[in-house]
Structures are given as structure tokens and as C-alpha cells.
Amino acid sequence: GGSQGAVWNMPVGRIGGETYTLQHIEDLLRNPPAPFQSDPRLHACITCASVSCPSLRPEAYLPGQLDQQMGEQMQLLLRNPQKGLSLE
């Protein structure tokens, strides 16, 4: 049972005292907070974890390593022929 799309509005976690849903995460991707508005790597880093989205990182993002971690995530996405870039 359950209504169609209900999973997108279920709480999935708390960050900084705020509860997030998959819909919140999708909204962040569509309208990223500053300073990430002009950084296309954001989509490779913050995902809703669905099969078609970029893979989740197996570790937390850390302030001192964020630039490196974001670069790695984008490279992993682009190298994955099932999710990233495919040139024929």
C-alpha cells in the first residue's frame, strides 16, 4: 500500500538538527545553496541514492578534503558507463 511517491516525503536522516527527505535532496540538486550554485560536481556528491543517480560515497564529506572528494565523485560518475558519460 501507500500512495505513489510517498517514499520521497519520508524522513531519511537529520543533518544539523534538520530532518531531510529524498525530496529535500532533489530540491538541493535543483537549487544548490551558496557557494555550490556554480559547481556542477554537486550533483555527483548529493544524491537521493536511486539506481540511476550517482553512487553514494562510502565516507563522510570533510571540510578539509571537500574539493578533492567532490572531484573524485565527479570522476567516478563520468567513468561509470551505467550512470555517467557515454561517447559513441
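Guide: A quick definition to start: two strands pair if DSSP finds at least two bridges between them. This is a predicted model, where local features need pLDDT of at least 70, side-chain atom pairs count only at pLDDT 80 or more, and totals for chains, interfaces and linings use all residues. Residues are numbered from 1 along each chain as its sequence is written, and side-chain values use heavy atoms, with hydrogens and water left out.

Visitor: Thanks! What does the secondary structure come to?

Guide: Three helices and two strands, in the order β-β-α-α-α along the sequence. Helices (H or I, at least four residues) and strands (E, at least two) are DSSP runs, numbered from the N terminus.

Visitor: Do the strands β1 and β2 pair in the parallel or antiparallel sense?

Guide: Antiparallel: β1 (residues 11–15) and β2 (residues 18–21) pair over four bridges. For instance, R14 has T19 in β2 as its bridge partner.

Visitor: And what about G16 in the hairpin?

Guide: The hairpin has two residues between its strands, and G16 takes a positive phi near 55°.

Visitor: Switching topic: how many residues does α3 have?

Guide: Helix α3 has 14 residues (66–79). From first C-alpha to last, α3 reaches 20 Å, close to the 20 Å expected at 1.5 Å a residue; that expected span is 1.5 Å times one less than the number of residues.

Visitor: Which residues of α3 are buried?

Guide: Q69, M70, G71, Q73, M74 and L77. Buried means under 20% relative accessible area (1.4 Å probe, protein chains only).

Visitor: What covers the buried residues of α3?

Guide: The cover includes α2 (42–45).

Visitor: And how much of the protein counts as buried?

Guide: 26% of its 88 residues.

Methods: Buried < 20%, exposed > 50% of the residue type's maximum accessible area, 1.4 Å probe, protein only. Contact = heavy atoms within 4.5 Å.
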